[in-house]
Amino acid sequence: MKEMVSSSGPAITLHSMMSDAPPRACVMLGLAEGKLHVRSSQWIEPSSRIRAQFEHHSFTGEVEYCTRKDSWFRVCIDLMAEDDQRRKPRLALRQKGAVTTLSNAGPSSSPGMLLDLAIAGMRIEVPHRVEAGTMIYIETETALIAGEVRHCGEGSEGNFEAGVAVTDILPAIQLKGPAPGVVKNILRKLGQAISGEKQ
């Protein structure tokens with residue numbers, strides 16, 4: 001039976017890769033630069049290997065530290081996607097996904113759409129206005145993308161468009177096939193633009 005942790009963010013399950021310990025139900029506190037921060041009701045040994053399950057995405061990593069915070073523990077996991085795939089941009093145009101915002105009022109989830117994605121930023125469509133400075137995640141079929149909202153304004157059909165500074169891109173590990181042709185083409189053009197090459 002999985003342990004329960006009071007909810008203050010998206011639910012995430014941690015599986016030990018070094019023992020037969022039961023899965024641990026935790027809460028995601030943040031995700032940036034390959035570091036996953038979670039709230040756990042139990043101590044997790046530093047340097048232990050962990051598999052984190054978020055919805056249908058699965059990531060592996062190593063516990064960097066575990067510190068007590070009153071009646072719970074803050075755990076930092078250094079994620080290690082194969083071949084450092086999380087460092088490579090995953091561009092998708094008009095790709096539907098689930099958007100989760102983290103604010104002082106608590107987490108809020110709604111359907112959304114990833115409109116475009118660059119090296120350090122993305123533009124997403126959401127059904128409501130999101131305040132600047134809000135941590136936001138969008139989960140698509142191929143990736144979990146985290147960032148901080150920089151601005152948000154009215155879009156089309158009553159929706160809103162938010163400009164987001166991307167802090168991390170984590171592809172689903174199980175998706176190991178070649179990128180679709182359109183994605184490869186966009187990646188090539190993006191790389192040329194960054195390097196100053198002629199397109």
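Q: How many helices and strands are there in the protein?
A: One helix and twelve strands, where a helix is a DSSP run (H or I) of at least four residues and a strand a run (E) of at least two, numbered from the N terminus. Along the sequence the pattern reads β-β-β-β-β-β-β-β-β-β-β-β-α. Bear in mind that this is a predicted model, with local features needing pLDDT of at least 70 and side-chain atom pairs pLDDT 80 or more, while totals for chains, interfaces and linings use all residues. Residues are numbered from 1 along each chain as its sequence is written, and side-chain values use heavy atoms, with hydrogens and water left out.

Q: What makes β5 and β6 a pair?
A: Pairing takes at least two bridges found by DSSP between two strands. Strand β5 (residues 57-69) and strand β6 (residues 72-79) are joined by eight bridges, so they pair, and they run antiparallel. One of the bridge contacts is E62 with D78 in β6.

Q: In what order do the six strands close into a barrel?
A: The order is β1-β2-β3-β6-β5-β4, with antiparallel pairing. From one strand to the next, the twist averages 45 degrees.

Q: Why is the pair of W43 and F73 called edge-to-face?
A: Rings of Phe, Tyr and Trp (its six-membered ring) pair if their centres lie within 6.5 Å; planes under 30 degrees apart are stacked, over 60 edge-to-face, the rest tilted. By this rule there is one aromatic pair. The centres of the W43 and F73 rings are 6.2 Å apart and the planes stand at 80 degrees, so edge-to-face it is. The partners come from distant parts of the chain, 30 residues apart: W43 sits in the loop between β3 (35-40) and β4 (49-54), F73 in strand β6.

Q: Why does W43 count as partly exposed?
A: Buried means under 20% relative accessible area, exposed over 50%, and partly exposed in between (1.4 Å probe, protein chains only). W43 has 39% relative accessibility, so it counts as partly exposed.

Q: Is F73 buried or exposed?
A: F73 has a relative accessible area of 8%, so it is buried. Buried residues make up 46% of the 199 residues in the protein.

Q: What residues line the second largest pocket, by class?
A: Seven nonpolar, two polar and two charged. Ala, Val, Leu, Ile, Met, Phe, Trp, Tyr, Cys and Pro count as nonpolar, Asp, Glu, Lys and Arg as charged, and the others, Gly among them, as polar. The lining includes P10, F54, E55 and Y137.

Technical notes: Axes fitted to C-alpha atoms, helices over the stretch in contact; angles between N-to-C directions. 1 Å grid on protein atoms, 1.4 Å probe; cavity = no way out; pocket = protein on both sides within 12 Å on 5 of 7 lines; lining within 4 Å.
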